[in-house]
Structures are given as C-alpha cells and as structure tokens.
Amino acid sequence: MPKLLFQGHGSYRLTADDGRVAYVDPYKGKGYDKPADLILVTHQHSDHNRIDLCAKKPDCRIITNEEALAGGKHNSFDIDGILVQAVEAKNKNHDPKLCVGYIITLDGVKIYASGDTSLTKQMETFAGLELDYALFPGDGIFNMGLAEAAECARLVGAKHNIIIHLKPGESVRRKAEKWGAPNKLIVEPGDEIELER
C-alpha cells in the first residue's frame, strides 16, 4: 500500500508501492532523506517551499504553483504514473493566481492536497471524483478555521479527512478531536499511515 508521512505543519511525504517518493509543501519535520521523484509546492510562502530540505533523484520533477498555473489555467501532469491535477486554492491571504491545491493519484489512491485555502467554488465538483483522502488547513488565521474546514470536508466527500496546518504549537490531536468533519483521521506529526484504496 502507498503511505503518507505527516511531517508537520502543511508538509507530508507520499511513498508509492514501488518506492517512488513525492513531497508536498516541504518545510517542517523530519523524513526528507528519501530521494524524491516529485516535489509539489502549492505556493511560495516560506512555510511551503523548502525544496532544499528534500533529497532528490537526478531526474526529480519539481512542480510549483508557477508550473501548475502556466498559461493561466490549472494544469495536469503525469509523472511516470503519478497523476497530478492542479486545482483552485484561495482566501483573503492567498491569491488564486499564485496558489494551487493538487489532486494526486498514486497507486490508484486519490489524495486532495488542498494547500492554503478556504472554501472554493471548485470544491463543489470534487464529490464526483470519489477522493480517498483530503487534507485541509485549519489554523483560522491564514486559512479557514475548523468549522469551515469541516464544511469543506462534507462538500468534498472524501473517504478520509485529515486536518493539518494548525497554529504553531497547537496539539493536532486536541484540535482534530474537536473538528466536526465526517470520516476524520487523526494524524499527528511524525505519524505514517497506509493509504487504503
């Protein structure tokens, strides 16, 4: 089964069945030693774009918001069978012309990496995608708070929902236990979970 290591803040590592590695928004935590096949950056704020932390294979592909939004549209990528679709991300602190989320398909598992966002119109279309996992920010300062993140989780309709990107120093478990999202998983920094299809 593919795996997800939550490194902390908005950072996580995905590992495919065959050992290929993708990092999303590298910044916090440990576990950057596995050489990356793919690095995804949702936007250029300093707590999301520490590409230098990641070990990289010689042919590592790096996709940032710039590549994702090239040509003024949300682009799709196929990185040796890892499918990546850029999607809308925005709120009062994040310009949709400079930020994206991603829908990542890895070993048949569909993961919504929402990036720094609040509720978007495009989320209304995601239920039809039958997503397996969705990761939402919930700090309530630079992004939506827990109530809006729960609303987004209900709208998106993923099989499993994970809250990330909380205020620095906040207990993920305490906040996640209060989060009203359906089908929530509590994943703390340093936890690695198997991703079910």
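Start by selecting strand S8 (residues 100-106) and S9: they pair in the antiparallel sense over 5 bridges. Two strands count as paired if DSSP finds at least two bridges between them. Strands here are DSSP runs of E with at least two residues, helices are runs of H or I with at least four, and both are numbered from the N terminus.

This is a predicted model, in which local features need pLDDT of at least 70, side-chain atom pairs count only at pLDDT 80 or more, and totals for chains, interfaces and linings use all residues. Residues are numbered from 1 along each chain as its sequence is written, and side-chain values use heavy atoms, with hydrogens and water left out.

**The hairpin.** Stay on S8 and S9. They form a hairpin with 2 residues between them. Click Asp107 in the turn: its phi is positive, about 55°. Next, pick Leu106; its bridge partner in S9 is Val109.

**Strand S9.** Select residues 109-113. This strand is mostly covered, with 4 of its 5 residues buried. Buried means under 20% relative accessible area, exposed means over 50%, and partly exposed lies in between (1.4 Å probe, protein chains only).

**On to S10.** S9 and S10 pair in the parallel sense over 3 bridges. Ala113 stands opposite Leu135 in S10.

**Then S11.** S10 and S11 also run parallel, paired over 5 bridges. Show Tyr133: its bridge partner in S11 is His160.

**The whole sheet.** Now zoom out. The 7 strands form an open sheet in the order S6-S7-S8-S9-S10-S11-S12, with mixed pairing. Strand S6 (76-79) and strand S12 (184-185) stand at the edges with a single partner strand each, so one side of each has no neighbour in the sheet.

**Helix H2.** Select residues 146-156. Leu146, Ala149, Ala150, Cys152, Ala153 and Val156 are buried. Seen down the axis of H2, these buried residues fall within an arc of 160°, so they line one face of the helix. That arc is taken from the directions from the helix axis to the C-beta atoms. Turn to the face away from the buried side: it carries the exposed residues Ala147 and Arg154.

What do the buried residues of H2 pack against? They pack against S9, S10, strand S11 (160-164) and helix H3 (172-178). Contact means heavy atoms within 4.5 Å. H2 lies across S9, S10 and S11, running at about 160° to S10. Axes are lines fitted to C-alpha atoms, for helices over the stretch in contact, and angles run from 0 to 180 degrees between N-to-C directions.

**Last stop.** Select Gly157, which follows H2 and has a positive phi, near 75°.
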